[in-house]
Amino acid sequence: MKKKNSSKSAVLFTLAILVIGFLAYAGAFGVHNIFKSGYNVKSFGQTIKKGLDLQGGVSLVEEIQSDNVDNATIERTMELLSMRVNKMGVSETVVSREGQKKIRIEIPGIYDAKGVIDSVGKTGELKFIGPDKKVILTGKDVKNAVAQLNQETNQPIISFELNDEGTKKFAQATKKFIGQPISIHMDEEVLTSPVVNSVIPNGKGMIEGSKTLEEAKRQANIIKSGALPVVVKPVEVKTVGATLGSDALPLSIKAGKIGVGLIFIFMLLYYRVPGLVADIALVFYIVLVLLTFVSMKAILTLSGIAGFLLTIGMAVDANVLIFERIKEELKSGKSVKSAVDSGFHRALSSIMDSNITTIIASIVLYNLGSGAVKGFALTLMVGIVLSMFTAIVVTRFLLKLAVDIGLLKGLKSFGVRKTSEESKPRTLKIIEKTKLWFGISFVIILLGIVFMFKSGLNYGIDFKGGTLVQINMKKDFNKADVENIINKYTKDYSTNTATDTKNEIQLEIRSNSLTDEQIPKMYKEIKEKYKLQDKDLVSQQRIGPSVGKELTRKAVIALIIANLAMLVYIGFRFEIKFGLSAILSLVHDVLVTISIYAIFQIPVNSTFIAAILTIVGYSINDTIVVFDRIRENSKKHRRMGEIELADISITQTMSRSINTVLTTLFTIVSVCVIVPSIRDFTVPLTVGIVCGAYSSIFIASPLWVILKKSKKKKALAK
């Protein structure tokens, strides 16, 4: 019977590996003419939509200049803006709402920011034009337009109503042009050309010919609004050059390969056979996430790639938790099969609690974020949910099969050695050195405060507003000569040079007064002097001061909401002291990260906010694992004191904390080193991950001990 079960498990194990291998191959390279059926499977590179920062193009944020605008008006404005953008012949444009009054427009493949602003932002004009090419009505004559289904034919129609003046003009026109088409134009584009079937004397009629109800709704919105119903103003303009966009994706893929490869090797060397199982599950996880992106029609951005790679490191965390628990069960004398079952069971609460708190931070980030930040949050959410599934279901399934077929026979398979009572690892005395740990953090934060008073934070243009121009100079150049050219267009500027991954010199020009009209003229002079090409204008970005104010406001709100939500969850799942300790620890992480930015004057941009919120989510993940072990040990050892409980729990989870930090840093540091265009995001993440690991061990648990002792003292005093 055992032999039969072993054979069945071997077949299932082999089949699972073959299926995962096929999916990975198909996703990476695509499959053509499957079984000579003529059916093709496209690779993920062909099917996943790429964001502007991976393709190049223009990104524009228009701000509505009215204070009280209802949702219907904003929707109509978005419809009209979308129509104008699509008129440029670009199929993959994105028009989305940001916050209360902002609309983001992303146009890949077009690099004329001024032309886009002129085309998109103008008020627009709606016209009803007769066969004689004369204007019959304008948008001012339209009172209302509504899309609906014709009750008799069940076909989509547009019912419209004109004002008094429009009614008179249209009655005359329909009488004159009966049996002929009257075209409805928005700017130069024809919306529809319905044929006049009868005279319309009362100003109420219907337009047939829409293919779908959605198309009818879009056209009705445009007819109803007549022109842009509100005044819009560009508050953020960014042009990503074709070179930067084309370089970013291969560099990101290279960084991903290196980071994931390091994780595979580490898991294999440290955990042996279970590490191999985790690697197989991780391949399936990567395929599953990318398939989800395809099905959701998600747009992959540079920050989204960073978020995806971060979730790979966090996906390994669940496996690390499970394997460490299995090793503990094996050391206690249990059989391999029993240890695997028990290890999964005991690790489950830590996996669920730690990941749910991170999901809370991601939800807040998604709802309050904008642009690339939103994409990162979505990637993080999808990744965390699927990582839990692969760890709890796929890894468990494969591990049980490996036990059944004899791949996991004993302690050596898990890298576990038999230990006597004398050789057991000593409990780390972390809590007794609380003053030292607090002192280190206090010094860093104090230095940060001093530097903030002295120099302030080095806010980038995302916060201060202004213009940033990046030019690829390719070779040595005379900085003074370039500055003489810049001086012709603005006196309010600063320049900086950096070397990219191809050892090419990149010039950055920052200014508060340089306009979109001046940039092409300025670049033309620089280009002619140094024989550059159009593509060497790597990127240009202009942001209004209102964007920075909103970013700051949203960042504060996001941090408050995320912390309150996590406090409620932790208080519900554990107790309020754990929640307070965790939140204070998160405040510590944010303060330390900000302090490091103040000390080293690292530029603070919009991606910094996403990084801070991710740090909050990641750090709470680490802290919850330690707290979960404290909770478990407090039930086992009811008479044990708080200090001993915390020290034992930290010792038991230490290897997990170190391994998780390593696997996460493998991917994030790879991106940080290899993809320079996203360092604004990966640098604070790297700092925060290290800081979060430190605080979960040396700050959160000591804070819990202090709060517990404080309660006991109050109880004794009474």
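**A first chat about this predicted model**

Student: Which residues is E642 in contact with?

Tutor: Leaving aside neighbours within four places in sequence, E642 is in contact with W704, V705, K708, K709 and K712. Contact here means heavy atoms within 4.5 Å.

Student: Okay, big picture. How many helices and strands are there?

Tutor: The protein has 21 helices and 17 strands. Of its 718 residues, 53% count as buried. Among contacts between residues at least 6 apart in sequence, 77% join residues at least 24 apart.

Student: Let's pick another helix. Which residues of helix 15 are buried?

Tutor: In helix 15, I519, M522, Y523, I526 and Y530 are buried. Seen down the helix axis, the buried residues fall within an arc of 95°, so they line one face of helix 15. The arc is that of the directions from the helix axis to the C-beta atoms.

Student: What do those buried residues pack against?

Tutor: Their partners are strand 14 (466-472), helix 14 (479-487), strand 16 (505-511) and strand 17 (537-543). On the face turned away from the buried side, helix 15 carries the exposed residues K521 and E528.

Student: How far does helix 15 reach?

Tutor: Helix 15 (residues 518-530) has 13 residues and reaches 19 Å from its first C-alpha to its last, close to the 18 Å expected at 1.5 Å a residue. The expected span is 1.5 Å times one less than the number of residues. Just after helix 15, K531 takes a positive phi of about 50°.

Student: Where else is phi positive?

Tutor: K133 has a positive phi of about 70°, although it is not a glycine. K133 sits in the loop between strand 5 (126-129) and strand 6 (135-138), and K133 is exposed, with a relative accessible area of 70%. As background, most residues other than glycine have a negative phi.

Student: New topic: how many salt bridges are there?

Tutor: The count comes to 22 salt bridges, each being a side-chain nitrogen of Lys or Arg within 4 Å of a carboxyl oxygen of Asp or Glu. One of them joins K102 and E63 at 3.2 Å, N to O. K102 lies in strand 4 (residues 102-108) and E63 in strand 2 (residues 57-64), so the pair ties together parts 39 residues apart in sequence. Both K102 and E63 are buried.

Student: Which residue forms a salt bridge with D622?

Tutor: That is R656, with the closest N and O atoms 2.6 Å apart. The pair links distant parts of the chain: D622 is in helix 18 (residues 606-636) and R656 in helix 19, 34 residues apart. Both D622 and R656 are buried. Elsewhere, salt bridges that share partners join R325, E328, E329, K334, R346, R629, E632 and K636 into one network.

Student: Last one: which residues make the nonpolar surface patch?

Tutor: F442, V443, L446, L447 and V450 make a nonpolar surface patch of about 450 Å². Patches are made of residues with over 30% relative accessible area and no salt bridge, with like charges joined within 9 Å and nonpolar side chains (Val, Leu, Ile, Met, Phe, Trp, Tyr) within 5 Å. L446 is in helix 12 (residues 434-454), and L446 is partly exposed, with a relative accessible area of 41%.

Terms used:
Residues are numbered from 1 along each chain as its sequence is written. This is a predicted model: local features need pLDDT of at least 70, side-chain atom pairs count only at pLDDT 80 or more; totals for chains, interfaces and linings use all residues. Side-chain values use heavy atoms; hydrogens and water are left out. Accessible areas come from the Shrake-Rupley method with a 1.4 Å probe; for residues, only the protein chains shown count as cover. Helices (H or I, at least four residues) and strands (E, at least two) are DSSP runs, numbered from the N terminus. Buried means under 20% relative accessible area, exposed over 50%, partly exposed in between (1.4 Å probe, protein chains only).
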